[in-house]
Amino acid sequence: MRRVVCPGSFDPITNGHLDIIGRAARLYDEVTVAVLVNIEKSSLFTVDERIEILQAVTKEYPNVRVRKFHGLLVDFCRDNDIPAIVKGIRVVSDFDYELQMAQLNYRLSGVETLFMPTNPEYSFLSSSRVKEIARYGGDVSGLVPDLVHTLLIARLRG
Ligand code: PNS
């Protein structure tokens, strides 16, 4: 069984994330979407809400499962017998940051990191930009799954 993990905060998931998860699901037998529990960072959606959203928007992929994790990603990989991480790269500056993280993770554990170029349609996209646009009344439809769009409007303007 070939396994890979797609880690992130997913606060909230964007269409860019979903594109990477779907493409990984075509390449691997099992994709684990791992949501970081980070008590130091404030979030718009709780971890459990994010997990519910991720489960709903990935339900068309039977080989995708969603979990949360604390601490180091490589420890999660070891505990779940996952030998590789997949990361989307939007722009060159992402690569700068992700390369160091990948080398560190490899040094710590031998877990490999595979980089997947983001669909250019989403190369400008991030969860924080989506939240900012939605907060000020901008239109984020087409940038996030419909469910996220609805929940964002309810959370930010409700
Ligand atoms: O969506 P994000 O916030 O960019 O995701 C970042 C994430 C969760 C992939 C990254 O912060 C992470 O792996 N955190 C876990 C802690 C860890 O393993 N750090 C790397 C070793 S220094």
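The space taken by the ligand is the largest pocket. On a 1 Å grid over the protein atoms alone, a pocket is an open set of points where a 1.4 Å probe fits, with protein on both sides within 12 Å along at least five of seven lines. A molecule sits in a pocket if more than half of its atoms lie within 2 Å of its grid points.

This is a predicted model: local features need pLDDT of at least 70, side-chain atom pairs count only at pLDDT 80 or more, and totals for chains, interfaces and linings use all residues. Residues are numbered from 1 along each chain as its sequence is written, and side-chain values use heavy atoms, leaving out hydrogens and water.

**Exercise 1.** List the residues around the ligand and sort them by class.

Step 1. A residue is near a molecule if one of its heavy atoms lies within 4 Å of it. The residues around the ligand are Pro7, Gly8, Ser9, Leu36, Phe69, Gly71, Leu72, Leu73, Lys87, Met101 and Asn105.

Step 2. Six are nonpolar, four polar and one charged. Gly counts as polar here, and Pro as nonpolar.

Step 3. β1 (3-8) and α4 (92-109) each supply at least two residues of this shell.

**Exercise 2.** Find polar contacts (pairs of N or O atoms within 3.5 Å) to the ligand.

Step 1. Take Ser9. One of its polar side-chain atoms lies 2.6 Å from a ligand oxygen.

Step 2. Take Leu73. Here a backbone N or O atom lies 2.8 Å from an oxygen atom of the ligand.

Step 3. Alone, the ligand exposes 560 Å², and the protein buries 70% of that. Areas come from the Shrake-Rupley method with a 1.4 Å probe.

Key. A polar contact is a pair of N or O atoms within 3.5 Å; within protein, one must be able to donate a hydrogen and the other to accept it, and residues adjacent in sequence count only if both atoms are side-chain atoms. On a 1 Å grid over the protein atoms alone, a cavity is a set of points where a 1.4 Å probe fits but cannot get out, and a pocket is an open set with protein on both sides within 12 Å along at least five of seven lines; lining residues have an atom within 4 Å of a point. Helices (H or I, at least four residues) and strands (E, at least two) are DSSP runs, numbered from the N terminus.
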